[in-house]
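Open the model in your viewer and keep the selection panel at hand. The tour below moves from one selection to the next and says what is found at each stop.

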Amino acid sequence: MRKRALVVGLGIAGMSAAIGLRRAGWTPVIVERAPERRTGGYFVGLFPEGRQAAADLGIADHLHTRNPDPAAGAASWSVGRRGRRRPALGFLDQPGEPAAVLRGDIEAALWRHVTGVEVRFGTTPLEITEGPAEVQVVLENAGGRYRESFDLVVGADGMRSSVRRIVFGPHEDYLTTWNAMICAFQLKEQVPSYEASDSIIIARAKRAVWVFGLADHAPTALLTYRTPDIQEQFSGSRVQRLRSVFSGMDDPVARHVLDSLEEAPEHLFDSVHQVKMPRWSTGRVVLVGDAAWCMNLYSGMGATSSLRGGAALGAALQEHPDDLATALDTWEAGLRPFITKHQRTARLKQQMFVPSSRRAEALRSVLLGLVRRIRGRGPATKVGGRRAPALSGTSR
């Protein structure tokens, strides 16, 4: 008889885990709090480990990449305090040549491969109780509450995971505070006077505006800022809050992005945290993705780590089909060094996204300028570097 697993969350981590579980011979059931599947989403850079995980999960051929074509003149620009634009190193110029995608591109590819997996929308776990040979879960949907048993519960329900809270304890025990906020959304159109696929960076002390150019889609935007009072940021109108924070940044790029936010059909506005846990599983309950390790947006590794975590979980269960404890131990031992490394480097990357002071802003500018000169790029840095690697391993 096939073992059954409850996967909580229909995001990248949840669908990756479900595909991995099914490949290992399990029968996954996905529950999702939202009434329907999300589409669209903000810019994501998919690094080599994420591309390999996509191939391992069998979704690579259906994952649409959007790296701007250097030959078409796509460039990355930094805008100074006097409004002067200069060629710059953009997000896609990082080592590893990340593939540019939207969050929804990854989820759409995963969704194609969870065909046949039972998905229950509008459903959340209320209680999780482990017995000697199974996990009893109380679930709730519009029809009420009911109890069901599984051989494994996978919490893939995000940074403020319900599974983690129920099984491991309150969020405060695991969320580290970074005293920063983010707002990410899709722009309706590119900033005037820039090419359609250009990326734009305005990194000031304690606040920054990023525009991520894409090959065949309108750009996405990121507003991020540092603040000592996180709770205060959630009071009142989000748009007015952001207008207040970025007031005085008298730049056409900032004005266009803020005006576009008012017209955006949806946006992500949240505080920045990392999840730090001594162990990602206990008994027959395991956490994956942001629920377990949330490296945060500054790390750039959220989607990559979620794909890798789900694929690796399936591989470990397939390798140890009759020993769940050993499978989970093996999975965590193999993944933990990668997660720890990128959680640590996220602090440095935060300075690249949003400098902590005027001094840090100046140092950031000098360092990136030096790196760019060493690389010997042309008169305008091409977004994505020399090539835009396709997920299948061949150039587009």
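Begin by selecting Glu 107, which lies in helix H3, and bear in mind throughout that this is a predicted model. Is Glu 107 buried or exposed? With a relative accessible area of 2%, Glu 107 falls under the 20% cut-off and therefore counts as buried. Next, display what surrounds this side chain: leaving aside neighbours within four places in sequence, Glu 107 is in contact with Gly 11, Ile 12, Met 15, Arg 37 and Arg 38.

Now move to helix H2, residues 48–57, and colour Gly 50, Arg 51, Ala 53, Ala 54 and Leu 57, which are buried. These residues cover an arc of only 160° around the axis, which puts them on the same side of H2. If you then show their surroundings, you will find that the buried residues of H2 pack against helix H1 (12–23), strand E3 (43–46), strand E6 (99–102), helix H3 (103–112) and H7.

Of these partners, select helix H7, residues 302–319, which packs with H2 at an angle of about 40°, with the two axes 8 Å apart. That angle makes H2 oblique to H7, and the crossing of the two helices is left-handed. To see the contact itself, show Glu 49, Gly 50, Ala 53, Asp 56 and Leu 57 in H2, which meet Thr 304, Leu 307, Arg 308 and Ala 311 in H7. The residues of this contact divide into four nonpolar, two polar and three charged.

Finally, step past the end of H2 to Gly 58, which follows the helix and has a positive phi, near 85°.

Key. Residues are numbered from 1 along each chain as its sequence is written. This is a predicted model: local features need pLDDT of at least 70, side-chain atom pairs count only at pLDDT 80 or more; totals for chains, interfaces and linings use all residues. Side-chain values use heavy atoms; hydrogens and water are left out. Axes are lines fitted to C-alpha atoms, for helices over the stretch in contact, and angles run from 0 to 180 degrees between N-to-C directions. Helices (H or I, at least four residues) and strands (E, at least two) are DSSP runs, numbered from the N terminus. Angles under 35 degrees count as roughly parallel, over 145 as roughly antiparallel, 65 to 115 as roughly perpendicular and the rest as oblique. A crossing is left-handed if the near helix is turned anticlockwise from the far one by less than a right angle, and right-handed if clockwise. Contact means heavy atoms within 4.5 Å. Ala, Val, Leu, Ile, Met, Phe, Trp, Tyr, Cys and Pro count as nonpolar, Asp, Glu, Lys and Arg as charged, and the others, Gly among them, as polar. Buried means under 20% relative accessible area, exposed over 50%, partly exposed in between (1.4 Å probe, protein chains only). The arc is that of the directions from the helix axis to the C-beta atoms.
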